[in-house]
Amino acid sequence: MVVIGDLMTDAVARAFHPLARGSDTPASVIMYGGGSGANIASWLAVEGTDTTFVGRRGSDITGRTREMELMGYGLDSRMVMDPERPTGTCVVMITHRGDRTMLSDPGANARLQPEDLPRDVFAPDAHLHVSGYTLINSDSRRAARVALRMARESGMSISVDGGSHAPLERAGAENFLDWTQGARLLFVNVDQARVLTGRDEPEAAAKVLTAWFPNVVIKLGEQGGLWASKTREDCVTAPAEPVEPSPGSVGAGDAFIAGFLPAWLTGRHPKEALGRASRLAARALHQPGARPDLGEGQPVRRGAPRGQRIR
């Protein structure tokens with residue numbers, strides 16, 4: 001499995017009381033490794049998938065720390081060091097009610113170049129997943145599109161995700177659909193599906209999206225997940241795992257993708273793949289931060305075979 005995407009530091013700030021505008025609000029502020037692409041790659045590796053992550057980091061101490069974390073998960077890190085821009089940072093603000101707002105500075109991620117892409121990872125027996133953030137960001141978009149082209153030419157199977165609904169809307173639905181031509185599988189949440197289709201109802205949005213993607217997965221949050229295919233009239237759904245979220249959890253959507261892909265690529269029924277996705281998302285909700293918590297005693301399972309072509 002090859003993942004191309006963003007590497008970030010998440011500064012998760014959780015307020016204990018309503019925000020006192022113009023003044024101080026007691027809060028917990030903790031730094032974690034983040035970035036949607038890096039999160040997905042980390043969950044894949046910990047769950048036993050042979051994973052390569054391609055991205056760009058700063059030459060700062062933060063960048064070195066974040067890359068060492070990735071290697072600790074057992075994945076093959078192919079990071080390019082940017083001599084000028086710092087490693088990306090995202091400030092995650094969580095209100096006392098649990099509402100989340102992200103302030104993102106992509107830093108070095110925004111300078112990912114086609115020359116940064118290692119040619120040896122593009123092989124017909126592998127799968128490529130491209131983070132939506134890398135496509136949506138105008139400065140890294142060319143590299144993402146070159147990666148998609150190289151994957152198509154190599155005979156790889158391809159999946160993409162929608163990133164985040166606000167920047168996706170700014171980039172434009174028609175543009176995103178054009179950039180992702182040839183992908184066999186799209187991951188979006190309900191808000192991203194609405195941006196791309198104008199439909200509020202997930203099943204209706206999924207059916208619209210199958211005009212562009214042979215397979216579509218919509219993450220439904222507390223309702224679980226939905227899979228649709230252009231070859232089937234009905235959608236397949238699976239419920240979410242019941243869980244009491246950790247107050248600082250931020251990576252359930254990335255874990256969901258990492259749970260779905262290996263099962264799907266090895267020919268499991270979509271309902272089973274959705275079930276595995278929900279279970280991994282529930283594990284992510286149990287812990288703070290967006291990456292697997294190796295402190296829980298979870299082993300890193302190395303040596304699993306590469307993913308097969310999407311069916």
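Predicted model: local features only at pLDDT ≥ 70, side-chain atom pairs only at ≥ 80, totals over all residues.

Reader: Let's start with the overall build. How many helices and strands are there in the protein chain?

Author: Both kinds of element turn up here, so counting them is just a matter of following the DSSP runs from the N terminus. For the protein chain, that gives 10 helices and 13 strands.

Reader: What is the radius of gyration of the protein chain, and what would a compact globule have?

Author: The C-alpha atoms fill a box of roughly 55 × 40 × 40 Å along the principal axes. For 311 residues, a compact globule would come out near 19 Å, and the chain agrees with that, because its own radius of gyration is 18 Å.

Reader: And what share of the residues count as buried?

Author: The accessible surface comes to about 13,600 Å², with 49% of that belonging to carbon and sulfur atoms. Taking under 20% relative accessible area as the cut-off for buried, the share of the 311 residues is 53%.

Reader: Now zoom in on Val3. Is Val3 buried or exposed?

Author: Val3 sits in strand β1, which covers residues 2–4. Setting aside neighbours within four places in sequence, its contacts include Ile40, Leu44, Phe53 and Val54. Its relative accessibility is 0%, so Val3 counts as buried.

Reader: How far apart in space are Val3 and His129?

Author: In sequence, 126 residues separate the two. From C-alpha to C-alpha, the distance between Val3 and His129 is 4.8 Å.

Reader: Next, Thr180. Which backbone oxygen does its side chain reach?

Author: Thr180 is found in the loop between α6 (173–179) and β10 (185–189). Beyond four places in sequence, Thr180 touches Leu135, Leu148, Val160 and Phe213. At 2.8 Å, its side chain reaches the backbone oxygen of Phe176.

Reader: Back out to the surface. Which residues form a nonpolar patch there?

Author: One member, Leu103, lies in strand β7 (residues 100–105). Leu103 counts as partly exposed because its relative accessibility is 47%, and a patch residue needs over 30%. Together the members have about 230 Å² of accessible area, and they are Val91, Met93 and Leu103.

Notes:
Residues numbered from 1 in each chain as written. Heavy atoms only, no water. Patch = residues over 30% accessible without salt bridge, like charges linked within 9 Å, V, L, I, M, F, W, Y side chains within 5 Å. Areas by Shrake-Rupley, 256 points an atom, 1.4 Å probe, with all protein chains shown as cover. Salt bridge = Lys/Arg side-chain N within 4 Å of Asp/Glu carboxyl O. Helix = DSSP H or I, 4+ residues; strand = E, 2+ residues; numbered from the N terminus. Buried < 20%, exposed > 50% of the residue type's maximum accessible area, 1.4 Å probe, protein only. Polar contact = N/O pair within 3.5 Å; in protein donor to acceptor, adjacent residues only side chain to side chain. Contact = heavy atoms within 4.5 Å. Rg over C-alpha atoms; globule rule 2.2 N^0.38 Å.
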